[in-house]
Amino acid sequence: MIEPHGGKLVNLFVEGTERDALLQKAAGLEKIRVNERELADIEMLSCGAMSPLEGFMTQADYQSVVENMRLASGFVWPLPITMAVKPGDERTFEVGQQVSLVDENDRVLAVMDIEDIYQPDKMHEAKKVYLTDDPAHPSVAYLQAYGDTYLGGKIQAVDEVEHAEFHEYRLKPAETRQLFADKGWKTVVAFQTRNPIHRAHEYLQKCALEQTDGLLIHPLMGATKKGDIPGDVRFACYNALTEGYYNMDRVAITIFPAAMRYGGPREAIFHALVRKNYGCTHLIVGRDHAGVGSYYGTYDAQNIFSEFTPEEIGLTPMMYEHSFFCTECGNMASSKTCPHGNDAHVFLSGTKVREMLAQGQRPPAEFTRPEVADILMKFYQSEQDF
């Protein structure tokens with residue numbers, strides 16, 4: 001089994017009498033109500049998905065990550081994982097203090113030992129991490145609305161983040177590792193997505209599966225931007241697609257609870273490192289991976305892997321060019337394998353697809369499977385009715 005990032009799969013949950021004592025203590029501590037992204041980060045940190053991190057970043061780790069894509073220890077890490085004092089919160093916190101991290105219902109999830117308090121240059125963070133300070137970028141807008149004081153320190157988790165649905169798909173890294181071992185998969189390729197899976201993505205997945213033992217479809221179900229398709233609709237699409245067109249002896253679907261940063265190349269590295277913690281040996285990296293708008297070049301998320309040695313990443317990225325159905329070839333292809341021009345390629349823009357679905361028009365089967373199209377048509381038409 002592939003080694004976790006940093007060499008050890010972290011588990012921040014406390015149990016038994018230690019948990020009981022910590023919960024009792026937490027009731028008397030100052031509480032910090034976390035936002036949706038921080039909630040996802042606590043879930044990822046607690047179960048070891050973000051190994052080797054054991055909490056929210058101190059200034060030394062934060063600065064090293066922002067400037068060099070490495071933790072202070074030297075391990076590759078591309079994205080800041082931070083906890084902020086929220087705007088309007090006038091309380092003063094101190095190094096050495098313990099605080100309770102609570103959800104929107106004031107339910108204690110974790111206790112944090114404050115090891116560091118610092119004021120970041122958030123727009124410098126935006127330009128280094130997201131390569132822009134344009135407030136139209138979702139994570140730049142997030143930083144602008146975020147607090148100006150960061151708190152760094154380890155956490156101890158006392159409870160799991162509550163979810164209303166899809167419990168059977170919520171596997172922690174230790175559980176996916178066991179799943180892969182039970183199936184006898186020595187090599188597993190992960191597919192990251194926050195969208196329904198159309199024919200082009202299906203093609204990449206099956207090409208990758210030809211070279212590995214198993215495929216993990218690992219949809220991101222944490223915070224996403226307004227306008228993204230809801231998780232329940234996406235999951236209905238995943239199930240319809242895999243039940244009809246995949247060999248489920250070689251495929252697993254579990255939830256990736258992270259929040260989406262839309263960080264393009266840096267987020268591609270993040271996706272690789274955390275999928276390694278889930279036990280995956282490979283990650284599909286297609287065009288504009290984790291991108292949004294036109295902030296990143298088409299293949300920036302692939303090119304960034306050349307800035308690190310294979311040993312530093314530990315997982316193998318499987319890089320693919322833009323794929324499509326070619327009417328001349330009569331099959332799925334990419335610009336690498338197809339000699340025909342664009343007029344032979346079945347391609348629809350996202351805007352065009354949404355228009356068709358909202359009007360009850362099923363996109364061609366060469367673009368998306370009819371079972372997926374029907375689910376999406378129902379969703380977009382219900383949105384119009386609303």
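Predicted model: local features only at pLDDT ≥ 70, side-chain atom pairs only at ≥ 80, totals over all residues.

Biologist: What is the volume of the largest pocket, and which residues lie closest to its centre?

Modeller: A pocket is an open set of points, whereas a cavity is one from which the probe cannot get out. Here the largest pocket has a volume of about 1,300 Å³. Its lining comprises 45 residues, and those closest to the centre are Asn195, Pro196, His198, His201 and Arg287. Among the elements giving two or more residues to this lining are the strand β8 (188–193) and the helix α7 (199–209). By class, the lining holds 22 nonpolar, 14 polar and nine charged residues.

Biologist: How is the lining of the second largest pocket made up by class?

Modeller: That lining has 11 nonpolar, six polar and 11 charged residues. The second largest pocket contains about 610 Å³ of space. Nearest its centre, out of 28 lining residues, are Glu36, Leu39, Glu162, His163 and Met221. Helix α2 contributes the most to the lining, with four residues.

Biologist: How many cavities of 30 Å³ or more does the structure hold, and what lines the largest cavity?

Modeller: The structure holds one cavity of 30 Å³ or more, and the largest cavity has a volume of about 80 Å³. Its lining includes Arg37, Asp41, Glu125, Tyr142 and Arg261. The elements that supply two or more residues to this lining are α2 and α5 (138–145). The lining divides into five nonpolar, one polar and four charged residues.

Terms used. Residues numbered from 1 in each chain as written. Heavy atoms only, no water. 1 Å grid on protein atoms, 1.4 Å probe; cavity = no way out; pocket = protein on both sides within 12 Å on 5 of 7 lines; lining within 4 Å. Points joined across faces, edges and corners; volume = space filled by probe spheres on them. Nonpolar A, V, L, I, M, F, W, Y, C, P; charged D, E, K, R; others polar.
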